[in-house]
Amino acid sequence: MRPYILSESNWKSVKQEKTEVAVLTWGATEAHNYHLPYGTDNYQIEAIAAEAGKIASKKGAKLKVLPNIPFGVNTGQADIELDMNLNPSTQFAILSDIIEVLNRQGIYKLILLNGHGGNNFKPILRELGLKYPKMLLVTSNFFDVVDKSQFFEEEGDHADEMETSLVMYLKPELVSDLKEAGNGKENKSRITGIREGWAWAERQWSMVTEDTGIGNPRKATKEKGEGFFKAVTEKLANLILEISEVDIKNRYE
C-alpha cells in the first residue's frame with residue numbers, strides 16, 4: 001500500500017492521518033497517432049502524480065492522490081472514432097462536487113494536475129474559488145513544468161517525441177513499432193493571427209493532422225522519457241510539499 005494514493009489506502013490509515021493537500025489528476029481518452037494507446041494521457045499523468053507524491057511524502061508532505069478522471073475536453077475531435085469528450089461545463093460540475101467534499105471535510109488545498117492539452121481549468125477554478133473561499137486551488141500542466149527542448153529534438157504537442165518517449169519509459173509494452181507511426185505533420189491555419197499564436201480558434205483535428213499526431217515521434221527513446229519524467233516529478237514534488245506546508249492565509253510575501 002502506498003499511503004499517499006487514496007485508492008490504495010484503507011479507512012484505518014485515512015482516519016489516523018491528517019491530509020493537507022489533495023492531488024487530482026485529469027487526463028483524456030483519445031487517439032495518439034498509430035503507435036500510442038488511447039490511454040496515453042492517463043498513463044502519463046497517473047504515473048507522474050504517483051512518483052511526485054512519493055517524493056513529496058518522503059519529504060514530509062501530507063497528501064492524497066485522488067483517482068484519475070480519464071476523459072477530457074475533445075470537442076475538436078468529434079469525428080475521430082472513440083475519442084471521448086467531456087464538455088467544460090461537465091468538468092465544472094465534477095470539480096464542484098469534488099471540491100465541495102474537500103471543503104466540507106476541512107481539506108482546503110487541491111492541486112489539479114492536468115495531462116491533456118484540451119483541458120483548461122483556469123476559468124473553472126476562478127469560479128469555484130469564489131464559491132469556496134477557504135480553498136487554495138492550484139493547477140499545473142505536466143508538459144509545461146520543465147523546458148521540453150532540454151530533452152527532445154522535435155517540436156509537437158500530441159503523440160510527439162515527448163509523449164512517445166514517456167510511454168516508452170512507462171508502458172513500453174503498449175508502444176507499437178515506430179515504423180508504423182505517422183510523421184505527425186500539422187497543417188497550419190491560413191489565418192495569420194492563429195498561425196502566429198496571438199489569436200485562437202479550436203483546432204479541427206481531422207483537418208489539422210492525418211494520423212492524429214502533431215509532432216514527429218521517430219526520435220523518441222526510453223532514455224529521453226526517463227530523463228523528462230524524473231525532472232518533471234522532482235519539480236512537482238516540490239510544489240506538493242510547498243502547498244502542503246503553506247499557511248493559506250499567509251501565502252504571500
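The dialogue below concerns a predicted model and sets its computed values against the cut-offs behind each term.

Student: How many aromatic pairs does the structure hold, and what makes the pair of W26 and F121 tilted?

Tutor: The structure holds six aromatic pairs. In the pair of W26 and F121, the ring centres are 5.1 Å apart, and a pair requires centres within 6.5 Å. The planes stand at 50°; stacked would need under 30 degrees and edge-to-face over 60, so the pair is tilted.

Student: Which parts of the chain does this pair link?

Tutor: The pair links distant parts of the chain, 95 residues apart. W26 belongs to strand 1 (residues 21–26), whereas F121 sits in the loop between strand 3 (109–114) and helix 4 (122–131).

Student: How do you know whether W26 and F121 are buried or exposed?

Tutor: Buried means under 20% relative accessible area. W26 has 0% and is therefore buried; F121, with 3%, is buried as well.

Student: What kind of aromatic pair do F151 and F152 form?

Tutor: F151 and F152 also form a tilted pair, with 6.2 Å from centre to centre and 45° between the planes. Together with F228, F151 and F152 make up one aromatic cluster.

Student: Why does F151 count as partly exposed, whereas F152 counts as buried?

Tutor: The boundary for buried is under 20%, and exposed requires over 50%. F151 has a relative accessibility of 22%, so F151 counts as partly exposed. F152 has 7%, so F152 counts as buried.

Student: Why is helix 5 called roughly perpendicular to helix 8?

Tutor: Helix 5 (residues 161–170) and helix 8 (residues 222–245) pack at an angle of about 90°, with axes 7 Å apart. Angles from 65 to 115 degrees count as roughly perpendicular, so helix 5 is roughly perpendicular to helix 8.

Student: What does I240 touch beyond its neighbours within four places in sequence?

Tutor: Beyond those neighbours, I240 is in contact with V21, V23, A52, G53, A56, A61, L63 and I111.

Student: Why does Q44 count as buried, and which residues does Q44 touch?

Tutor: Q44 lies in helix 2. Its relative accessibility is 0%, and the cut-off is under 20%, so Q44 counts as buried. Not counting residues up to four places away in sequence, Q44 touches F142, E163, L166, V167 and L170.

Student: What makes N238 partly exposed?

Tutor: N238, found in helix 8, has a relative accessible area of 34%.

Note on methods:
Residues numbered from 1 in each chain as written. Predicted model: local features only at pLDDT ≥ 70, side-chain atom pairs only at ≥ 80, totals over all residues. Heavy atoms only, no water. Helix = DSSP H or I, 4+ residues; strand = E, 2+ residues; numbered from the N terminus. Buried < 20%, exposed > 50% of the residue type's maximum accessible area, 1.4 Å probe, protein only. Axes fitted to C-alpha atoms, helices over the stretch in contact; angles between N-to-C directions. Parallel < 35°, antiparallel > 145°, perpendicular 65-115°, else oblique. Contact = heavy atoms within 4.5 Å.
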